[in-house]
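Please walk me through the pockets of this structure.

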Amino acid sequence: MDAFGQCGLVSLNHVEVVPNHANGQDQKQTKVTEHSSNIDFSQRAQWLRAAVLGANDGLVSVASLMMAIGAVRTDVKSMLLTGFAGLVAGACSMGIGEFVSVYTQYEVEVGQMKRDMSMNGGGEAEKDVEILGMEKRTLPNPWQAAFASAFAFSIGAMVPLLAAGSIRDHNIRLMVVVAVASLALVIFGGVGAVLGKTPKIRSCVRVLLGGWLAMAITFGLTKLLGSSALEL
């Protein structure tokens, strides 16, 4: 009986250990899951907005410019030079414009924080510490937004330039620009949706339709102007 009882105790102890270990693993997995689900996507939105806007603007702007030149000129050199000029000018404009606008937003938010803390009776040292902490967590970063916007614009603008650079036939070149730009728009829309945790199909369709509309309007108006009796 003693031996049997000892064996029984050992078995019971063994059975009790396993669920406790399993529960510990479940708790660890639950904590990891909760930690991964608690990611603050508002922090990611500070640079994601500038990057997505820059990439789509670069792609649509340069593709539209190239389509416009293609509506009145058939040589590839004019199309590529126009696209390259649009890339450089657009990247500079996007970067500088993003820096100015985000820095203005930064100053407005810092000023509001100081006014709020003054109403609460905080000292100057306390204000500086609080603002420094908020700057690292929630306040917009002008340099980050400017770089993301300019870099993304350049990446987007390079897509139609690379697609049209080696094609000599005029009509095929125009079709390739539209096709490659459409594919890139879908990809950019999908990437933005994945990074921002938003509906993918809706984002892709919205970006694609907007790009098509911009290219169609630019091509149509330039074609109409080029075929009219106006002398430039």
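Start with how residues are sorted: Ala, Val, Leu, Ile, Met, Phe, Trp, Tyr, Cys and Pro count as nonpolar, Asp, Glu, Lys and Arg as charged, and the others, Gly among them, as polar. Keep in mind that this is a predicted model.

Now take the largest pocket. Its volume is about 230 Å³. Its lining has 13 residues, and the closest to the centre are Ala 51, Val 52, Ala 55, Ala 152 and Val 191. The most comes from α2, with 5 residues. By type, the lining of the largest pocket holds 11 nonpolar residues, 2 polar and no charged.

Move on to the second largest pocket. This one has a volume of about 160 Å³. It is lined by 12 residues, and Gly 192, Ala 193, Thr 198, Ser 203 and Arg 206 are the closest to its centre. At least two lining residues come from each of α2, α6 and α7 (200-227). Here the lining divides into 5 nonpolar, 5 polar and 2 charged residues.

Last, the cysteines. How many disulfides does a search of the whole structure find? The search finds 0. Is Cys 204 buried or exposed? Cys 204 is buried, because its relative accessible area is 15% and the cut-off for buried is under 20%. Cys 92 has a relative accessible area of 43%, so Cys 92 is partly exposed.

Conventions:
Residues are numbered from 1 along each chain as its sequence is written. This is a predicted model: local features need pLDDT of at least 70, side-chain atom pairs count only at pLDDT 80 or more; totals for chains, interfaces and linings use all residues. Side-chain values use heavy atoms; hydrogens and water are left out. On a 1 Å grid over the protein atoms alone, a cavity is a set of points where a 1.4 Å probe fits but cannot get out, and a pocket is an open set with protein on both sides within 12 Å along at least five of seven lines; lining residues have an atom within 4 Å of a point. Grid points are joined across faces, edges and corners, and a volume is the space filled by probe spheres set on the points. Helices (H or I, at least four residues) and strands (E, at least two) are DSSP runs, numbered from the N terminus. A disulfide is a pair of cysteine sulfur atoms within 2.5 Å. Buried means under 20% relative accessible area, exposed over 50%, partly exposed in between (1.4 Å probe, protein chains only).
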